[in-house]
Amino acid sequence: MSATPVLDVITIGRSSVDLYGSQIGGRLEDMASFSKAVGGCPTNIAVGTARLGLKSGLITRVGDEHMGRFIREQLGREGVDVSGVHTDPDRLTALVILGVKDQHTFPLIFYRDNCADGALDASDIDEAFVASAAAVMVSGTHFARPQSAEAQMLAIRYAKQHGRKVVFDVDYRPNLWGLAGHGAGEARYIKSGGVTTLLEPVLPFCDVVVGTEEELMIAGGADDALGAIRAIRAVSDALIVCKRGPMGCVVFDGPIPARLEDGVTGPGFPVEVLNVLGAGDAFMSGFLRGYLRGEMLERCCAFANAAGAFAVSRLLCSVEYPTFAELSHFLDKGVRNPVLRHEADLNHIHWATTRDALIPDHARPNTIMAFAMDHRIQLEAMADEAGAPRDKIKALKVLALEATVQVAAGRPGFGMLLDGTHGQDALFRATDQTLWIGRPVELPGSRPLDFEGDGSLATFLNDWPMGHTIKCLCFTRPDDPAALTERQDRELLRLHDAARRGNRELLIEIIAGKHGPLGDNTVAATIRRLYGLGIKPDWWKLEGQPSSAAWAAIAAAIADNDPFCRGIMLLGLDAPLDDLKAQFAAAAACPAVKGFAVGRTIFAEPARAWLAGRMDDAAVRDAMAARFAQLVDAWQAVRPV
């Protein structure tokens, strides 16, 4: 046996971009919008196992285009080793279009004609990479073509030479074997002696064989599941895992009993089925999490069945597979709501433990030092006062972006708050930078809270790049009139729902001191009230507090309600630089405070001079950069990097 493996599992075979129809209950012909995710059985399992805490890798091919880069980047964010993901310069990445018509009908179309992963061959199999994993997983579809079958058999030989496990997911799709037309992507079983003949030689090399009853029938060449399992046992000592949908699974680790039900079983979970596509890949991910960590077979089955239950209760495949924290919570608490996608606690754990995989690296720093340039009415007033056209504010915001980039100098942890009213040009240019970006949704100065844009809040947010964090300022405090509190809370709930449905991070800014005094519990009580409503933002943005006791109360409110919260950013409120330095020092003692987002202290004086024509572009940019740099130095002095 070779050296201790560094990976737990490497999966081999299909990779695609899945485009899921967003309208549930309609024909695929009538779908109007789609959600995108990485897909393909081995790719799904690489993601699923990584989410469950295994170190996974993938061997496949992607095209040299945007969708191929998406797969590679997404796998990297999920923690999958992409050393074996090769770029094919001549072929396109595979696509799959899918939909949910009803509980039993899930139309799908495979766009795989001469696709990149279909060209996988022996040159893609690196012996050292295969040997780096405790197990390799081969998939049935890639035995349908001679060159990809040769590649998988080579990987099996390398795995055996190095004492590694071989796992076989039968993954039977009849139309990918040429047994059904393009419109029959949903078909799961067509008997074929030819397919069985090609799969049977794989079985003796396997340590684990996994399939549905129909998949085991095609692998074993029998017309019933038990007969097929016996046929597999006749040529293989593998652990045989039979997936049985809502009935859970049955595992056979020795002689095959008289009845299918007499194998080792794990509990099934009574959940509402929304979409069965990809459920088997989630199942395999859960089973491997147990099997490769040496768990008892019953526990492996529980992991597998629970992971499959998550998959059937949600729309997408890999992007909605559970993390181990989520799976553990589910197994501990049981099924409290059979419609898992409506279970608030699970949804929050899912979001908080997968959000990093949904946004670029620079959009999720551990600390943020941000130049807040999302002001609208304040800058409009400055322009009016200077006699300058308001349209000039756009250029000022671009200069503020340049100042931020100058100070950041490529370092992580820097960002900006920018609006779409006057800051759209700056937002476009920020796309090329590695800055965290937050964008306001509130109507400036509104109390009660109101939002920008006309009509649907979700539609308004849908136009934003995925890496932009929603920022919402709300003027609220515990002693507000009940009607005002109720209205503002209702709007925040609406925003929180839109953020979660749209997979966007949310920053809630609370200013309580503008409409009354700040006590040691003023802001903490407000935060607890919002948590009590189920509002759990990723970030809080708060004003300076009157005492260390106030900061301690805020930290306790967050810790008691959301251990996944990213933290607090300190706001400036146009305070003088020396006052902000003192606020930084006081806030830095609170571990929940992770940075700042300050605006007018940086831009107010230079902006007035520039709008009045007393400064040129270079001078105002450099002045803002110098002030921002002073704040960065002040923060890092009290909270060293």
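**View 1. Strand 18 is mostly covered.** In this predicted model, 6 of the 6 residues of strand 18 are buried. Buried means under 20% relative accessible area, exposed over 50%, and partly exposed in between (1.4 Å probe, protein chains only). Helices (H or I, at least four residues) and strands (E, at least two) are DSSP runs, numbered from the N terminus. L506, I508 and I510 point one way from the strand, while L507, E509 and I511 point the other way. In a regular strand the side chains alternate between the two faces of the sheet.

**View 2. Strand 17 pairs with strand 18.** Strand 17 covers residues 469–475, and strand 18 covers residues 506–511. They pair in the parallel sense over 6 bridges. Two strands count as paired if DSSP finds at least two bridges between them. C474 has I510 of strand 18 as its bridge partner. K471 stands opposite L507 in strand 18.

**View 3. Helix 7 has a buried face.** Residues A225, L226, A228, I229, I232 and R233 are the buried residues of helix 7 (residues 225–235). Seen down the helix axis, they fall within an arc of 160°, so they line one face of helix 7. The arc is that of the directions from the helix axis to the C-beta atoms. They pack against helix 6 (213–220), strand 11 (239–243) and strand 12 (249–252). Contact means heavy atoms within 4.5 Å. D224 caps the N-terminal end of helix 7, with a side-chain oxygen 3.3 Å from the backbone nitrogen of L226. A polar contact is a pair of N or O atoms within 3.5 Å; within protein, one must be able to donate a hydrogen and the other to accept it, and residues adjacent in sequence count only if both atoms are side-chain atoms.

**View 4. Helix 10 also buries residues.** In helix 10 (residues 324–333), the buried residues are E326, L327, H329 and F330. Seen down the axis of helix 10, they fall within an arc of 160°, so they line one face of the helix. Their cover includes helix 9 (297–312) and helix 11 (344–354). Just after helix 10, G334 takes a positive phi of about 80°.

**View 5. H142 sits in a loop.** This loop lies between strand 8 (133–139) and helix 4 (146–161). Is H142 buried or exposed? At 2% relative accessibility, H142 counts as buried. A polar atom of the H142 side chain lies 2.9 Å from the backbone oxygen of D117. Leaving aside neighbours within four places in sequence, the contacts of H142 include G13, R14, R112, L120 and Q152.

**Notes on the model.** Residues are numbered from 1 along each chain as its sequence is written, and side-chain values use heavy atoms, with hydrogens and water left out. The model is predicted, so local features need pLDDT of at least 70 and side-chain atom pairs count only at pLDDT 80 or more, while totals for chains, interfaces and linings use all residues.
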